[in-house]
Amino acid sequence: DYDAYHLRLIADLIGYDFPDSSIHEHLGKQYFKKDSLTKEEYDLSKKISFKALYGFIPKEYKSIRFFQGIEIFIKELWKSFNSDGFVESQISKRKFSKEYFNELNATKLFNYYIQFYETEKNILVMKELLSFLKEKKTKLIKYLYDAFIFDLHPDEQNIVDDLQKIISKGGFPARAKI
């Protein structure tokens, strides 16, 4: 499964570079203005970050550059949606047309946009995984928004690293469990 997948997707969209370390720790250090976090602060950092994921950025954290980038992106996306009547998805350039959405606001549009980006990106990953697995006994059996589940054939335990590399491409680290 991916590590902090939606936060990384958003960072990709807004041009924010997270360090290779834990995103929740990186943001938590900014939330709590300290160099190391307790377990409780780390857990709270995750909660704060997930609220912000969906456009609900607490006032006390709006000065954090990552959240400033989110706010700018949401405003520009909403402006484009209203002026052009649509926005295009990141990968396929499919249009989110205004005529198909009732009672949409900037935050909802952002949420839909992130979900569409995640889905399109995962479809590309699945295509590569299926191509890699074509002649193998291991099969991709389930896809979740931030994880891929495989029926790993006992004779092919050596392909786990290859699967993880495919899934992690483009700066989206993933953990593998057997």
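This is a predicted model: local features need pLDDT of at least 70, side-chain atom pairs count only at pLDDT 80 or more; totals for chains, interfaces and linings use all residues.
Show its surroundings, but skip the neighbours within four places in sequence: D146 is in contact with D1, Y2 and Y5. The residue sits in a loop, with β3 (139–144) on one side and β4 (147–151) on the other.

Is D146 buried or exposed? It is buried. Now look for a charge partner. D146 has no salt bridge. Select R175, the nearest side chain of opposite charge, and you will find it 6.7 Å away.

Next, go to Y5, one of the contacts of D146. Select helix α1 (residues 5–14) together with helix α5 (residues 106–133). Their axes come within 10 Å and cross at roughly 100°. The two helices are therefore roughly perpendicular to each other. On the α1 side, pick Y5, H6, L9, I10, D12 and L13. On the α5 side, pick F110, Y113, I114, Y117, E118, K121 and N122. Colour the contact by residue class: 8 nonpolar, 2 polar and 3 charged.

Last stop: another helix pair. Select α2 (residues 23–32) and α3 (residues 39–53). At what angle do their axes cross? Roughly 95°, and the axes come within 9 Å. That makes α2 roughly perpendicular to α3. From α2, show H24, E25, L27, G28, Y31 and F32.

How values were computed. Residues are numbered from 1 along each chain as its sequence is written. Side-chain values use heavy atoms; hydrogens and water are left out. Axes are lines fitted to C-alpha atoms, for helices over the stretch in contact, and angles run from 0 to 180 degrees between N-to-C directions. Helices (H or I, at least four residues) and strands (E, at least two) are DSSP runs, numbered from the N terminus. Angles under 35 degrees count as roughly parallel, over 145 as roughly antiparallel, 65 to 115 as roughly perpendicular and the rest as oblique. Contact means heavy atoms within 4.5 Å. Ala, Val, Leu, Ile, Met, Phe, Trp, Tyr, Cys and Pro count as nonpolar, Asp, Glu, Lys and Arg as charged, and the others, Gly among them, as polar. Buried means under 20% relative accessible area, exposed over 50%, partly exposed in between (1.4 Å probe, protein chains only). Lys and Arg count as positive and Asp and Glu as negative; His and the chain ends are not counted. A salt bridge is a side-chain nitrogen of Lys or Arg within 4 Å of a carboxyl oxygen of Asp or Glu.
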